[in-house]
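Let's take a friendly walk through this structure together. Please have the sequence and the 3D view open as you read.

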Amino acid sequence: MTKLDINNYATRKTLAQGMLDLALLTANAAQLKYILTIGSAHPFFMLLLVLVIASIVLQVLQAITIIILAILLDINKVEEQRKSVIFNNVLMCLTVLSVTINVVISAFDMKSQSKVFTSE
């Protein structure tokens, strides 16, 4: 039986998370385009604009943290384990905050209200 390389496992897990984050970033870019197209006709224009931009900024910070964890740090090296734990905790906080913001964004269901805004 082959010995499990924890660093390899963590790197693959981090990269898989990065792919999911890319999908969310794409959705946020589409939401940003939509809210900018509708403009101030949307009753929550400013709130949604701020939330979508905040989500995109958080996702960029997550990507930077993922790069640091996946490429720069090796958890098999004892001297890098403390840094890895810190970066992993930062990543977890950024992820929770990003998910929370996206839940709030989705609560406004911008797409189903589009007929209301475009018919005026």
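The model is predicted, so local features need pLDDT of at least 70 and side-chain atom pairs count only at pLDDT 80 or more, while totals for chains, interfaces and linings use all residues. Residues are numbered from 1 along each chain as its sequence is written, and side-chain values use heavy atoms, with hydrogens and water left out.

Let's begin with the largest nonpolar core, which has twelve residues, including Ile35, Phe45, Leu58, Leu94 and Phe108. Such a core is a set of buried Ala, Val, Leu, Ile, Met, Phe, Trp, Tyr and Cys residues joined through side-chain atoms within 4.5 Å; buried means under 20% relative accessible area, exposed over 50% and partly exposed in between, with a 1.4 Å probe and protein chains only. At least two residues of this core come from helix 2, and at least two from helix 3. Helices here are DSSP runs (H or I, at least four residues), numbered from the N terminus. Helix 2 gives the largest share, seven residues. Another core, of five residues, lies apart from it and has Ile66, Ile68, Leu73 and Leu91 among its members.

Now look at Val57, in helix 2 (residues 45-72). Is Val57 buried or partly exposed? Val57 counts as partly exposed because its relative accessibility is 45%. Its C-alpha atom is separated by 9.6 Å from that of Leu25, 32 residues apart along the chain.

Finally, find Thr95 in helix 3 (residues 78-107). Beyond its neighbours within four places in sequence, Thr95 is in contact (heavy atoms within 4.5 Å) with Gln17 and Gln62. With the side chain of Gln62, the Thr95 side chain makes a polar contact at 2.8 Å. That term means a pair of N or O atoms within 3.5 Å; within protein, one must be able to donate a hydrogen and the other to accept it, and residues adjacent in sequence count only if both atoms are side-chain atoms.
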